[in-house]
Amino acid sequence: IVAGCVNIGMRSTQEVYGIDFLGGEEVLVSFEQKLPIDDIAQTAQANQIEEVTAFYQTDLISGKEQLKLQTVEGQAEKLLASLQAAYPDAQLEQIGITVIGATVGDAIKFNALMSVLLALVGILIYIAFRFEFGFGVGAVVSTICNILMTVGIFVALPSGKFSAPMVAAILMVIGYGINDTVVIFDRIREELKLNPVMKLLDVINHSINRTLSRTILTSLTVFFASAALYVFGAGIVKDFALVFCIGVVVSSFSSVFIASPVFYWWHKGDRKHVERSEILPKYDWESGSKD
């Protein structure tokens, strides 16, 4: 999480956000001869076109590779014309162009943030009502870690830019992660009833071990399905699947190593506090009973 935050903080907004959030133009280009990304960057620099992002993607229908150029508003067609003049043998042809204004980008960014925040609040309320408040705290902390780790890893990748479709992928990661966490929490609640004299720490460890095979098998199944979408998909589907592949791995980790320990910490290791369903402990860690 720290590495991801530092990496995002050291990069410019153009390197982190896609045109969905910043506004700009995106042109899709067909070609006969593939151009190196460095050559595209040099041509853009020579023609004083700034903030250019170029990458290749495979069209899902035709199976042909296409070039996608992202620039600030009003520069995409200029960049394409410069490339056509510099590399006539490449036979670059415009397929389509997408324009997104900065105002729309700000609205998308606000809506994306609100959707994630509302999801976190909804999780806390549901888990607190369905289980107990300490479970809700563990689930929310785990979910926040899922988001930060998934975004940090994705943005660190060469072509990783945060766009509107990525918000949908993050929400799917949230849903998957909370489902995995609820399975473990439900086992903890059941084991508390079946083992009335077992310490809370032992109950949590026992519950995690009982559900570990389920967690691994489910995660592998979802990961392989998402990986297939990444390998055979194209464009937004490919990025969407990549984010979800990262999120599945991260969610499996956090549901075991973050959610349950936070729940244990919240109740100061005392199962009696869990059974009383009190929101906050009324004693210090050292003086609390660990029975």
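Biologist: Hi! What should I know about the model and its numbering before we start?

Modeller: Residues are numbered from 1 along each chain as its sequence is written, and the model is predicted, so I use local features at pLDDT of at least 70 and side-chain atom pairs only at pLDDT 80 or more, while totals for chains, interfaces and linings use all residues. Side-chain values use heavy atoms, with hydrogens and water left out.

Biologist: Great. How many aromatic pairs turn up in the whole structure?

Modeller: The search finds 10 aromatic pairs. Rings of Phe, Tyr and Trp (its six-membered ring) pair if their centres lie within 6.5 Å; planes under 30 degrees apart count as stacked, over 60 as edge-to-face and the rest as tilted. One of the pairs is Phe135 with Phe185.

Biologist: Why is the pair of Phe135 and Phe185 called tilted?

Modeller: Because the planes of the two rings stand at 55°, with the centres 4.7 Å apart. The pair ties together parts that are 50 residues apart in sequence, because Phe135 lies in helix α7 (residues 133-156) and Phe185 in helix α8 (residues 164-194). Helices here are DSSP runs (H or I, at least four residues), strands are too (E, at least two), and both are numbered from the N terminus.

Biologist: Are Phe135 and Phe185 buried or exposed?

Modeller: Phe135 is buried, at 2% relative accessible area, and Phe185 is buried too, at 0%. The cut-offs are under 20% relative accessible area for buried and over 50% for exposed, with partly exposed in between (1.4 Å probe, protein chains only).

Biologist: And how do the rings of Phe135 and Phe263 sit?

Modeller: They are stacked, because their planes are at 10°, and their centres are 4.1 Å apart. Phe263 lies in helix α10 (residues 236-266) and Phe135 in α7, so this pair ties together parts that are 128 residues apart in sequence. Both Phe135 and Phe263 are buried.

Biologist: Which residues are in the cluster?

Modeller: Ring pairs link Phe131, Phe135, Phe185 and Phe263 into a cluster.

Biologist: Nice. Where do charged ends of lysines sit over rings?

Modeller: The charged end of Lys34 sits over the ring of Tyr56, 4.6 Å from its centre. Likewise, the charged end of Lys238 sits over the ring of Tyr230, 4.4 Å from its centre. To count, NZ of Lys or CZ of Arg must be within 6 Å of the ring centre and within 35 degrees of the ring normal.

Biologist: Let's switch to helices. How do α9 and α10 run?

Modeller: The axes of α9 (residues 200-232) and α10 come within 9 Å and cross at roughly 180°. The two helices are therefore roughly antiparallel. Axes are lines fitted to C-alpha atoms, for helices over the stretch in contact, and angles run from 0 to 180 degrees between N-to-C directions. Under 35 degrees counts as roughly parallel, over 145 as roughly antiparallel, 65 to 115 as roughly perpendicular and the rest as oblique.

Biologist: What residue classes make up the contact of α9 with α10?

Modeller: There are 20 nonpolar, five polar and one charged residues. Ala, Val, Leu, Ile, Met, Phe, Trp, Tyr, Cys and Pro count as nonpolar, Asp, Glu, Lys and Arg as charged, and the others, Gly among them, as polar.

Biologist: How does α8 pack with α10?

Modeller: Their axes are 8 Å apart, at an angle of about 30°. That makes α8 roughly parallel to α10. The contact of α8 with α10 has 19 nonpolar, seven polar and two charged residues.

Biologist: And what about α7 against α10?

Modeller: The axes of α7 and α10 come within 7 Å and cross at roughly 145°. Their contact divides into 18 nonpolar, nine polar and one charged residues.

Biologist: Last topic, the backbone. Which residues other than glycine have a positive phi of about 55°?

Modeller: Gln48 has a positive phi of about 55°, and Gln91 has a phi near 55°. Most residues other than glycine have a negative phi.

Biologist: Where are Gln48 and Gln91 found?

Modeller: Gln48 is in the loop between α4 (37-46) and β2 (53-58), and Gln48 is exposed, with a relative accessible area of 69%. Gln91 is in the loop between α5 (76-86) and β4 (93-100).
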